[in-house]
Amino acid sequence: MTVIQKLLILVATLFLSISTTGLSAGTSKSTEPTIATESHFRLRTIVLDAGHGGRDPGNVGRGREAEKDINLVITRKLAALIQKKTTYEVRLTRSDDRWISLTERASIANENPANETLFISIHCNSHSSRRVHGIETYIFDIKATDKFAAELAKWENKEEDFSSVDFIITSMAKRAVERYSWEAARVIQSVLVSHLGARDRNRTASDKMVRRAPFRVLVDTRMPALLVELGYLSNRTEYKKLNSSTYQDKVANALLTAIQQFGQAMEADRMAARLP
Ligand SMILES: [Zn+2]
């Protein structure tokens with residue numbers, strides 16, 4: 001990180017600390033969509049973002065099935081389960097095979113209230129070593145967990161150019177919802193790993209639970225947001241599994257369980273804080 005970038009972060013932090021003092025529950029008169037603050041998050045809507053699409057296949061992996069198609073199938077299965085089994089609203093950034101920019105995905109998410117919405121971006125990974133396998137869940141941070149996470153974010157951001165200045169300043173706003181993003185990512189990672197018997201690749205994160213990287217789609221979304229990499233298409237076993245309808249159902253069911261657990265934890269928090 002350059003000296004200029006460090007200075008920008010400092011300025012942005014000061015700006016954010018001034019601007020968020022007027023954002024505590026019930027005091028904001030702004031008509032702009034609010035940023036969720038620690039005191040009033042309640043889960044009502046889940047925005048599901050199937051990674052890639054159209055001209056961007058994502059990872060192609062070992063066979064002909066592209067990441068974009070697997071992401072979409074699992075996203076649609078999960079959306080159907082949420083509609084059938086919960087009272088949460090569900091929205092998709094794409095419901096068919098089309099290209100949609102990362103900023104557009106975030107704009108769709110930002111049409112929903114930040115203090116009632118969880119954004120989940122669904123992806124599958126790839127690695128030059130075919131032995132690498134397992135599940136990872138990420139939240140936004142300007143500084144990546146490790147070199148591997150930095151490379152991954154670079155790859156997932158590749159479709160778009162953006163100014164690093166805008167990126168740094170916008171990213172500071174994510175601090176207000178970081179606690180919720182972290183909690184949702186922690187629950188999702190732990191439920192996926194245990195329900196699917198998958199390798200937990202978040203163990204190498206600094207807190208051993210949630211990985212961090214500067215994903216574009218996570219910085220522009222105002223609500224708690226996370227990105228999940230469901231497995232490695234470059235690994236033979238995981239490629240086969242992720243292409244099987246039975247395993248895709250299992251993944252969707254595990255994600256549903258995790259979302260419900262997160263929603264219940266948020267309700268418990270509200271009860272403990274005696275919020276309406
Ligand atoms: Zn991807």
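**Close-ups of a predicted model**

**View 1. Buried residues of helix α2.** In α2, the buried residues are Glu 67, Lys 68, Ile 70, Asn 71, Leu 72, Val 73, Ile 74, Thr 75, Leu 78 and Ile 82 (buried: 20 or more other C-beta atoms within 10 Å of the residue's own; exposed: 12 or fewer; partly exposed: in between; C-beta atoms placed from the backbone). Their cover includes β1 (45-50), β2 (89-92), β3 (117-125), β6 (225-232), α8 (236-242) and α9. Helices (H or I, at least four residues) and strands (E, at least two) are DSSP runs, numbered from the N terminus. This is a predicted model: local features need pLDDT of at least 70, side-chain atom pairs count only at pLDDT 80 or more, and totals for chains, interfaces and linings use all residues. Residues are numbered from 1 along each chain as its sequence is written.

**View 2. Helix α6 against helix α9.** Here α6 (residues 178-196) packs on α9 (residues 245-272) at about 140°, axes 9 Å apart (axes are lines fitted to C-alpha atoms over the stretch in contact; angles run from 0 to 180 degrees between N-to-C directions). On the α6 side, the contact includes Val 187, Ile 188 and Val 191, and on the α9 side it includes Ala 254, Leu 255 and Phe 262 (contact: C-beta atoms, placed from the backbone, within 7 Å).

**View 3. His 52, a positive phi in a loop.** His 52 sits between β1 and α2, and its phi is near 65°, though it isn't a glycine. It counts as buried because it has 25 C-beta neighbours inside 10 Å.

**View 4. Lys 208, another loop residue.** Lys 208 lies between α6 and β5 (211-213), with a positive phi of about 70°. Lys 208 counts as exposed because it has 9 C-beta neighbours inside 10 Å.

Key: Two residues are in contact if their C-beta atoms, placed from the backbone, lie within 7 Å.
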